[in-house]
Amino acid sequence: MKWPHAISIKQVALAFIAGLLVLVSLIGGFAAYQTRGVTYSLERHNHDAARSELTTAVQRLLNQTQEQAANLANWDETRQQMVQPEYYTYWRDQRVYESGILPSHFVRVALYTPSGSLLATRSGEIRLPARLPADLPLHQAASWLTGEADSAVLYHAFPIYADKHRLSLLGYGLIRLDFMPALLQQEALYFTDKTSVRLTLKPGEKLSASKLLSALEFKARPDLDRLHFQTILSRTLLALFILLMIAALLALFAYHRLLARPLQRLSQDIDAMQHGRFSLQSGRSQTMRIIELENVRRSLYDYQLQLRELHGSLENQNREFHSQARQDALTGSHNRRAYEEDWEKFRLDLKNSPQGVAFLLFDCDRFKTINDTYGHAKGDRVLSLIADALVMALRANDRLYRLGGDEFATFLSRTTPAQAKQIAQRCQSLLEASVFSDLGINEPVGISIGIAFCAADQLEHIDDLPKQADIAMYTAKQPGRNRIALYGEDTERASQTLVASRETSALFQALASPGMIEMHYQSIHALPGCKVDYYEALARIRYHGSLVMPDAFLPVVSSRRLEAGFDLAVLHQIDADLSSQQLPSGIGVSINLSAQSISHPEVVSQLLELSRHSARHPLILEITETSLITQMAEVRTYLDLLRTVNYRIAMDDFGTGYSPLRYLVDLPVDVVKFDISLINKLGQDNRASHVVADFARMMSEAGYSLVAEGVETDVILRKVKSLGIAHVQGYLLSRPVPLAEVAASRAIPHAGVKCVT
Amino acid sequence: MRSCLLCLLMLVFPAAAHAVIVQQLMRPGIAANAEYLIGDRDKPAVLLLHGFLQTREFPTVITLAHGLQTEGYTVLSPTLSLNIPNRTQSLACEAAHKHGMEEDIAEIRDWVDWLKSHGHRSIVLIGHSFGSMQLLAYLSDHPDPAVKAYVGTSLIEAQIGSTFRPTLIARLESLIRNKQNALVTYPLSFCQKYPSTPEGLLSYVLWDQPRVLSALKVVPVRMLLIMGDTDSMLGQGWLKALQHIQMPMVIVHGANHFMDGEHEFDLLDHTLAFLRQTPERASK
């Protein structure tokens, strides 16, 4: 059996009340059934009593008639009439009634001769038979009924003797009476319904008195006590039912008021709590009459109060966390996450309320130099001051976002290009007014501002605004500009900006479209035989049929902090190249990676994925030594991880950056690639050449595998060989070529390799 | 003699039988009965007659009868038939009365004859009330020589209330002459309405106080009247009238018409005292 769905407390109450009523109805019905049985028994008893009573009444009437007949027979005056009937009518019509022998004129008497003939015939005797029936035993009294026109008549014939010894018969007497009136006038009929008593006799039909009872039809008189009892019982049952109904309604009302409604309210409050619509005011005001429910309500209210307080506290904390998560800790402005969320929301809002929008991109001029010159702390302070100035310059509702490094942005709603330029100029003015000398920075700190504008009727291009602002910002950075550029207005007048725009576009498209990045491979030769040991994978962007070289797009990558994305795209392409197996097995691949990418989880994950090729192609990660590695411990951790999957770590462009020795000491470097600026020193015959040579020798002896980059002359090649450097790389030996050419050249042993001996 | 005697007990147990019911056919279809209380043969027999419309069962009569029997007197107490066969009940005033003084006298005569036929040669007639008058009427009409004495107790005339008797008599006589036999209703004696044939009524009505007094004066036998001085039934001045004609009379002080109560003994004593003075004769 499967229970139905949950039912409400009202349904329970209704079911209970209905059950109670059904039970009471059943009891009432049972009582009514029992009463009916008793009533039926009483009716039977009543009918029997009526029968008995009627029998008695009939017998009494017969006895009475017989008694009257006996009195008449023994009456002297009757005998006198039999002998001297001269005054018979006086006797018949007057004396029998005056004497009290016959009660009334409803009872008639007639006298007959011994032969059965009427003693005297007069006009008043037409209702009495002229002769007695011959078939009656007239020697003794006899009774019978005869049907007459409109009634049943009882006749009683009796003999009249001259003496008490009945020796001399004088004649007969005949008493006639209307049976039904005589029967029914008896006052002793209590149980018989007098109106129902019937004796149906056809005219002339004769019925002996002995069969009278069986021919008599009757009904019992309704028992008034029983009817009264039934009425009382019915009223009692009705009253009981009404009382129960009223009681049930009152109980239902009370149940509803005291239990159902409070419980419903509690349920609603709990639902409201679940949906966060609970009103403390309503919970406080409405008390409940049932103590337990009131306790539950109070507990619920208190619980809700506490929950609300807790919720409020959590909301505050959430708000704080949310604010913190969206705030740049250094400058106090909004961070990149806030920018992305706000920009997305702003874009959606614009669909409902089109308006002119300006996107402003701020970039600190020469910040890298300032940072490198004055250290990170002062660099951070500079950024903070810049942010303060920008916030002050913006309108009240405008937000400033720090996108990364020294790059800030804002988007202005309900504005025009002129207003946007005006705000940009205000930003520059306030920044110029800022005092940086307190930080020990004497050089002027300025910002370049790129502005992109989208009119209300051109909102379909809203997504291009950041890119356009970026282009405008680069335009602004061009020498001779006023460091504020509006895309579409200022950028069209600057051809160089067009180029920059092309390279930037190529970069962004390459990042968005796999396949645009094309890897070229430059061989690295093992000395002294100049055998190709591995290739350095170098990225190019194929844009509209031509290649965009790294020196064109890497600054954009650096300035836009796109290192991780760019490196991921490069890794994907290398993975594809290695998977094509165009490189011969055993030939390693060296991969350039920015230091910022090393701490990026996706990059690390991709490197781990790429390590599956290490069995076929030894893999080397080249980290540019000039890259600013700020989180040394974290980078080392990742590098250690990568080494476990057979990556070798190479320090690229060694000798061009900062604190090279610290990097060598702190990072797990296997290979050191001397920058071309150091290698070129080897071709000189001066102290610098000696320093480099000694340093290389020392590094080699320390166990580092050295690679000489930029070997472009035989002189330098020989010098490198003499220094014991293990590998060389440079245009002298080979230029970076596409993978297809690498594969083709590998088909010709030592093709194109120029190695001095 | 038109009589038959039913004396079963006397026939079977003559010594033990003290009372029998005697029946005589007085007229065709009209039988009458009497109680025959047997006493000493050497004492006069008493014919004791009841009052107006009464029977021998009337208390005054039956008490006196049994008292006399106790004293050894034979008593015959008949019930006048009043033209009713074997009448046993006192006749109602309102009944159709077809009897008259003549039939009554005839029945008295028959019962006297019956006594004589049974050996009683000394007969004393004792009547009560109207019966005293009827016995007086008998004595006035050739009484039997065996009748030796007459006792009239509470003797009364035929009272007719406030009706003027001559007028009534004249009317009745007129009806009779015209042979109009329809019942006439007039007061008679204690009956306020007395339906009767004109002849019957007239026979009684004629016996007014003067006629009774006249009859008393000519009674041929020894006689005694026993009257009560508180008898309300009596006509005004009736006792004085009786005293005036100097009839032998005993007045029982305090006795009413029925001489009941303690006066039953007075009645019996005065009657016995009278009887003792009556000459006796053996019946056989």
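Visitor: How many residues does the contact take from chain B?
Guide: This is a predicted model: local features need pLDDT of at least 70, side-chain atom pairs count only at pLDDT 80 or more, and totals for chains, interfaces and linings use all residues. Residues are numbered from 1 along each chain as its sequence is written, while chains are lettered from A and ligands numbered from 1 in the order in which they are written. Two residues are in contact if their C-beta atoms, placed from the backbone, lie within 7 Å. Chain A gives 14 residues to the contact, and chain B gives 17 residues.

Visitor: In what order do the five strands of the open sheet in chain A stand?
Guide: Strands here are DSSP runs (E, at least two residues; helices are H or I, at least four), numbered from the N terminus. Two strands pair if DSSP finds at least two bridges between them. The pairing in this sheet is mixed, and the order is β9-β10-β8-β11-β12.

Visitor: Which are the edge strands?
Guide: Neighbouring strands of this sheet are turned by 25 degrees against each other on average, direction ignored. The edge strands of chain A each pair on one side only; they are β9 and β12 (484-486).

Visitor: Which residue in the turn of the β9(A) and β10(A) hairpin has a positive phi?
Guide: Tyr401(A) stands opposite Ala409(A) in β10(A). The hairpin has two residues between its strands. The phi of about 55 degrees belongs to Gly405(A).

Visitor: Which residue of β11(A) stands opposite Val357(A)?
Guide: β8(A) and β11(A) run antiparallel and are joined by eight bridges. Val357(A) faces Cys454(A).

Visitor: At roughly what angle do the axes of helices α15 and α17 of chain A cross?
Guide: Axes are lines fitted to C-alpha atoms, for helices over the stretch in contact, and angles run from 0 to 180 degrees between N-to-C directions. The two axes come within 10 Å. Angles under 35 degrees count as roughly parallel (over 145 roughly antiparallel, 65 to 115 roughly perpendicular, the rest oblique). Therefore α15(A) is roughly parallel to α17(A), with a crossing at roughly 10 degrees.

Visitor: How far apart are the end C-alpha atoms of helix α3 of chain B?
Guide: The expected span is 1.5 Å times one less than the number of residues. For the 17 residues of α3(B), that should be 24 Å. The end C-alpha atoms agree, so they stand apart by 24 Å.

Visitor: Which residue with a positive phi follows α3(B)?
Guide: The buried residues of α3(B) include Trp111(B), Trp114(B) and Leu115(B). The residue that follows the helix has a phi near 90 degrees; it is Gly119(B).

Visitor: In β3(B), which residue is the bridge partner of Val20(B)?
Guide: Strands β2(B) and β3(B) run antiparallel, joined by eight bridges. In their hairpin, Gly29(B) takes a positive phi near 80 degrees. The partner of Val20(B) is Tyr36(B).

Note on methods
Buried ≥ 20, exposed ≤ 12 C-beta atoms within 10 Å, placed from the backbone.
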